[in-house]
Amino acid sequence: MKLKKLELTGFKSFSEKSSIEFPVGVSAVVGPNGCGKSNIVDALRWVMGEQSVKQLRGKAMEDVIFAGSNGKPPLNMAEVCLTLLNDNGTAPEELKDFTEIMLTRRLYRSGESGYFINKQPCRLKDIHNIFLGSGLGTKSYSIIQQGNIGAITEAGPEERRFFIEEAAGITRYKNRKKEALSKVQTTKQNLLRINDIINEVQKQMAGLKRQVKKAEIYKNYQKRIRTGYPDFFCKI
Ligand code: ATP
């Protein structure tokens, strides 16, 4: 997958809708200090599902919404759309037929938020799933912020293993395995509970069987009384 286009509306310093294209080859964002270069990287991280406010250089998630400047009033919503070129089949199975995948993340000042894939509402998990094993994604090595190269060179063995596994493209399968094992565990727990219920019901059944027998004897006697069976009283 490759980045194709990034559209920002109300995100940090981008009060008006701005569109940034990433043509084939090397792209560089150049500009004076404080013009918003890092905000573009923040937008990339954010739309890929970043949850850490610290990674987005803010104090609260609301800080990504344009807070007003140069006489422009603050906005109530931030939206970032990222268009990816799906040219090498690394996208998940359900999206592999799309040549382009558009991801959208939206946040309102009220706290309401949403994620979309190709304009359809989706879960954060679906966004993460797109990037697993692709080398992209927020926890991956694809975004290295200013002064952050040490995150890889000084990473401990566990973190380094994560980077290598991500580069090898196996994280998605490892995640699926984890999910499948957790489902197996839940099913085992459910089976245990079902066995308990079966045991309990079987205990109740024994008592009920005794009651059924008594009821049948009672019904039989009733019938004989009604039909005036002659030796009834003698037999009792
Ligand atoms: P440098 O080269 O110094 O790292 P930069 O080009 O990367 O700078 P950024 O850090 O991306 O610049 O942008 C900083 C600017 O974004 C500041 O002027 C800041 O006021 C503005 N900014 C950040 N968040 C918001 C917000 N929520 N609303 C309005 N402006 C914001």
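Helices (H or I, at least four residues) and strands (E, at least two) are DSSP runs, numbered from the N terminus. The views below show a predicted model, in which local features need pLDDT of at least 70 and side-chain atom pairs count only at pLDDT 80 or more, whereas totals for chains, interfaces and linings use all residues. Residues are numbered from 1 along each chain as its sequence is written, and side-chain values use heavy atoms, with hydrogens and water left out.

**View 1. The loop between β5 and β6, with lysine 119 and asparagine 118.** Lysine 119 is found in the loop between β5 and β6, and asparagine 118 lies in the loop between β5 (113–117) and β6 (120–122) as well. Asparagine 118 has a positive phi of about 50° although it is not a glycine, and for lysine 119, also a residue other than glycine, phi is positive and near 70°. Buried here means under 20% relative accessible area, exposed means over 50%, and partly exposed is in between (1.4 Å probe, protein chains only). With a relative accessible area of 63%, lysine 119 is exposed, while asparagine 118, at 21%, is partly exposed.

View 2. The ligand has 16 residues around it, of which Gly34, Lys37, Ser38, Asn39 and Ala67 come nearest; a residue is counted as near if one of its heavy atoms lies within 4 Å of the molecule. This shell divides into 5 nonpolar, 7 polar and 4 charged residues, where Ala, Val, Leu, Ile, Met, Phe, Trp, Tyr, Cys and Pro count as nonpolar, Asp, Glu, Lys and Arg as charged, and the others, Gly among them, as polar.

View 3. One oxygen atom of the ligand lies 3.2 Å from a polar backbone atom of cysteine 35, and an oxygen atom of the ligand is 3.0 Å from an N or O atom in the side chain of arginine 57. On the nitrogen side, a ligand nitrogen atom is 2.9 Å from a polar backbone atom of aspartate 63. Of the 650 Å² of accessible area that the ligand has on its own, the protein covers 69%, with areas taken from the Shrake-Rupley method with a 1.4 Å probe and, for residues, only the protein chains shown counting as cover.

**View 4. Helix α1 and aspartate 42.** Because 8 of the 11 residues of α1 are buried, this helix is largely enclosed by the rest of the structure. The buried residues are Asn39, Ile40, Asp42, Ala43, Leu44, Arg45, Trp46 and Val47, and their cover includes β1 (2–9), β2 (18–21), β3 (77–85), β4 (100–108) and α2 (124–131). Aspartate 42, found in α1 (residues 37–47), counts as buried at 0% relative accessibility. Its side chain is joined to that of lysine 12 by a polar contact of 2.9 Å. Not counting residues up to four places away in sequence, aspartate 42 touches Phe11, Lys12, Gln55, Leu56, Arg57 and Gln145, contact meaning heavy atoms within 4.5 Å. After α1 comes glycine 49, with a positive phi near 100°.

**View 5. Alanine 91 in the loop between β3 and β4.** Alanine 91 is found in the loop between β3 and β4 and is buried, with a relative accessible area of 5%. Leaving aside neighbours within four places in sequence, alanine 91 is in contact with Met1, Asn86, Ile101 and Arg172. Valine 24 is 67 residues from alanine 91 along the chain, and their C-alpha atoms are separated by 19 Å.

**View 6. Helix α5 and threonine 171.** Helix α5 (residues 171–226) has 56 residues and reaches 78 Å from its first C-alpha to its last, close to the 82 Å expected at 1.5 Å a residue, the expected span being 1.5 Å times one less than the number of residues. The buried residues of α5 are Thr171, Arg172, Gly207 and Arg224, and threonine 171 has a relative accessible area of 6%. Between threonine 171 and glutamate 16, 155 residues apart in sequence, the distance is 37 Å, C-alpha to C-alpha. Glycine 228, which follows α5, has a positive phi near 65°.

Technical notes: A polar contact is a pair of N or O atoms within 3.5 Å; within protein, one must be able to donate a hydrogen and the other to accept it, and residues adjacent in sequence count only if both atoms are side-chain atoms.
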